[in-house]
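This briefing goes through one protein model by topic. Please have the sequence and the 3D view open while reading.

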Amino acid sequence: MIEARHLRVLRAVATTGSFSAAARELGCTQPAVSQQMKALEQSAGTPLLVRTGRETRLTEAGRALVRHAAGILAGLTAAEEEIAAIAGLRAGRVRLVSFPSGSSTLVPTALAGMRAARPGIQISLEEAEPPRSVEMLRAGDCEIALAFRYPETRGPGSPAGADAEADGGWGKDDLVVRPLLTDRLVGVVPEGHPLADAERIGIDEFAGEPWIAGCPRCRRHLVEICENAGFTPRIDFATDDYPAVFGLVGAGLGVAVMPELAVESVRHRGARTVPVEPVVEREVVALTLPDLARVPAVAEMLDRLAAAARR
């Protein structure tokens, strides 16, 4: 029978590339790693590793087992966390991954409330944009991922993989999706811009402007909505740092569109925001795995994120 502790060791060896590095990561000795790997190979009935000098490589069977290990260990972690939670939420952890504008708006209130109510729960936060955050969730590197996706804007000639780009990697049925809010995109112009005081503007009114674009997915979406409006934006600058976007716009170097969540989190000197048409909104959600959704600490954190989004 394959034991979970042996799978953790195998995963560490696969990740680090050697027994000694795996031992350091796991906080044990190299002989202990070697002994557990031998036991795992005996259970599997076939070699899982090939050692040539200082190099350690996975066999085909080893690669197959590593692929399954993430899901197995995630399920076991969920079981361990649920048992601890049943004892009164006195132990456990919730690792959260969020995109930057979510980290500065939705997440602080939810984390502060959780820490105050459940001081025994270990809470951590890491930033990553989707689809990377979704990959981390599926790999077992977090319990909750905040993600977003834009509405479909492509026509029937979309390239292969376009759907995956649109939904940020979470358009499958293997995840629990907790809707949080819809986040409208707004235009950002310098204070002295002719359209700075407009009540609303059409995106096509920016056709001749230089643009500051955001992260790669946001950049692709910007190009799509502009092309649907009849022009291709001239992108002079690209950055996924929202204060930098406001700084560049405020210096008169171009215009931009950005989510209202990002606007809330940045002091925008020298720049104005204006509503744009057609209305474009991105859907913001919290994601977790079905097994993890039954863990009370994870469920409570999802509730707190939803409450923060309603404010």
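The model is predicted. The protein chain has 13 helices and 12 strands, and 46% of its 311 residues are buried.

**Overall chain**

- Along the principal axes, the C-alpha atoms of the protein chain fill a box of roughly 75 × 45 × 35 Å.
- Of the contacts in the protein chain between residues at least 6 apart in sequence, 71% join residues at least 24 apart.

**Nonpolar cores**

- In soluble globular proteins, nonpolar side chains tend to be buried together.
- The largest nonpolar core holds 48 residues, and those touching the most other members are Ile144, Leu146, Leu180, Met301 and Leu305.
- Helix α13 (residues 296-310) supplies the largest share of this core, with seven residues.
- Another core, of 16 residues, lies apart from the largest one and has Leu7, Val9, Leu10 and Leu73 among its members.
- Leaving aside neighbours within four places in sequence, Leu180 is in contact with Leu106, Leu146, Val284, Val285, Ala286, Leu305, Ala306 and Ala309.

**Helix α6**

- Helix α6 spans residues 106-117, which is 12 residues.
- From its first C-alpha to its last, α6 reaches 17 Å, close to the 16 Å expected at 1.5 Å a residue.
- The buried residues in α6 include Leu106, Val107, Ala110, Leu111 and Met114.
- These five residues lie on the same side of α6 because they cover an arc of only 100 degrees around the axis.
- Leu106, one of these buried residues, is also among the contacts of Leu180.

**Largest pocket**

- The largest pocket has a volume of about 350 Å³.
- Its lining consists of 18 residues, and Arg8, Arg11, Leu73, Gly140 and Asp141 lie nearest its centre.
- At least two lining residues of the largest pocket come from each of α1 (4-16), α2 (19-26), α4 (60-86) and β3 (93-98).
- Leu73 belongs to the core of 16 residues and also lines the largest pocket.

**Cavities**

- There are two cavities of 30 Å³ or more.
- The largest cavity has a volume of about 190 Å³.
- Lining the largest cavity are 19 residues, of which Ala213, Gly214, Cys218, Val257 and Met258 lie nearest its centre.
- Two or more residues of this lining come from each of β8 (210-213), α9 (216-228), α10 (242-250) and β10 (256-259).

Notes: Residues numbered from 1 in each chain as written. Predicted model: local features only at pLDDT ≥ 70, side-chain atom pairs only at ≥ 80, totals over all residues. Heavy atoms only, no water. Core = buried A, V, L, I, M, F, W, Y, C linked by side-chain atoms within 4.5 Å. Buried < 20%, exposed > 50% of the residue type's maximum accessible area, 1.4 Å probe, protein only. Helix = DSSP H or I, 4+ residues; strand = E, 2+ residues; numbered from the N terminus. Contact = heavy atoms within 4.5 Å. Expected span 1.5 Å × (residues − 1). Arc of directions from axis to C-beta. 1 Å grid on protein atoms, 1.4 Å probe; cavity = no way out; pocket = protein on both sides within 12 Å on 5 of 7 lines; lining within 4 Å. Points joined across faces, edges and corners; volume = space filled by probe spheres on them.
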